[in-house]
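Work through the exercises below with the model open. Each task is followed by a stepwise solution.

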Amino acid sequence: MNKISYFSLTFFFGFFVFYPSPNREEVLSDETEDNVDACQIDNLTFQVGEDLVYTVYYNWNFVWLTAGEVRFQVEDAGDEYHLVMTDRSYKSYEWLYKVRDRYDTYIDKSTLLPRLSTKTIKQGDYRLYDKTVLDQKERKVTTWRGKTEDHTKEKIFEVENCLHDMISIIYHARNINFDDAQKGQAFPLEIFMDNTIYPLKMRYLGKEQEKKVKGVGKFNTILFSPEVIEGKIFKEDDQMKVWATDDRNKLPVLIESPVSVGAIKVVLKSYKGLRYDLEAKL
């Protein structure tokens, strides 16, 4: 498996994490889930101008390497939010692997469902351009994929349910109401990624007070365990843990996960433009 798969775990930001290798067979899954609020959810957590940066650490041969960082930004696009995610490896890590990626997703402000997403991947010698148009009303997804924007192949998929992409699902998940959730309760959602539908679940594990986050401080948090998919990245019984602020922002502050070789930590580095005061910070 290429090294970048470990670095790319950050893309789901702990809510839903799976990144298939570039050589994965591109087929549409027949699995479906009965989603809760899959087609409509109000935005009560984020706003235009939110800007989050996270540091990625990778444990390799018992040594923690500072691998790189991931940045999430929210911009205004009329009746849509323009979500931008960029990630890059640090120079100190690039002897192992160099990363320069950009993801853009446009989501409907009234539903938080994605309408259009593009990604430009530069990982070592690997290149990928992917454009996806999601027609949520007609239940149709059209993709254009190839090594570059000028060399793509079109595919059209008929789908049954509302779908998220790998960026929109993060912001959707931040708006799920956990006030009445029971410890261990699972929240299913579906995501369309790399020409495949993935039915995934996020399990609520309760609250953890005074969680220390290196370089940022202590927070009162809610704890989740996103479903991971056994395979090249994860082993059987691997469990990812995500700590998010126990306040109106539901801001992810720390992610920890084993992987097939080593482990990953994703740590909040900086934040600005939050919709509310960060009341969970102690």
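**Exercise 1.** Find how the side chains of E80 and R115 meet, and at what N to O distance.

*Solution.*
Step 1. Apply the criterion: a salt bridge is a side-chain nitrogen of Lys or Arg within 4 Å of a carboxyl oxygen of Asp or Glu.
Step 2. The side chains of E80 and R115 form a salt bridge, with 3.0 Å from N to O.
Step 3. E80 sits in strand β3 and R115 in strand β5 (residues 114–123), so this pair ties together parts that are 35 residues apart in sequence. Strands here are DSSP runs (E, at least two residues), numbered from the N terminus.
Step 4. Buried means under 20% relative accessible area, exposed over 50%, and partly exposed in between (1.4 Å probe, protein chains only). E80 is buried at 15%. R115 is partly exposed at 28%.
Step 5. Widen the view: a network of salt bridges links D79, E80, D108 and R115.

The model is predicted: local features need pLDDT of at least 70, side-chain atom pairs count only at pLDDT 80 or more, and totals for chains, interfaces and linings use all residues. Residues are numbered from 1 along each chain as its sequence is written, and side-chain values use heavy atoms, with hydrogens and water left out.

**Exercise 2.** Which parts does the salt bridge between D51 and R71 tie together?

*Solution.*
Step 1. The N to O distance between the side chains of D51 and R71 is 2.5 Å, a salt bridge.
Step 2. D51 belongs to strand β1 (residues 51–60) and R71 to strand β2 (residues 63–77), so the pair ties together parts 20 residues apart in sequence.
Step 3. D51 is buried, at 8% relative accessibility. R71 is partly exposed, at 32%.

**Exercise 3.** Is D130 buried or exposed? Which side chain makes a polar contact of 2.9 Å with D130?

*Solution.*
Step 1. D130 is part of strand β6 (residues 126–135).
Step 2. D130 is buried, with 4% relative accessibility.
Step 3. A polar contact is a pair of N or O atoms within 3.5 Å; within protein, one must be able to donate a hydrogen and the other to accept it, and residues adjacent in sequence count only if both atoms are side-chain atoms.
Step 4. The D130 side chain contacts that of T132 at 2.9 Å. It also contacts the side chain of R145 at 2.5 Å.

**Exercise 4.** Classify E208 and K211, whose side chains meet in a salt bridge.

*Solution.*
Step 1. The N to O distance is 3.9 Å.
Step 2. E208 is partly exposed at 27%. K211 is buried at 15%.

Technical notes: Helices (H or I, at least four residues) and strands (E, at least two) are DSSP runs, numbered from the N terminus.
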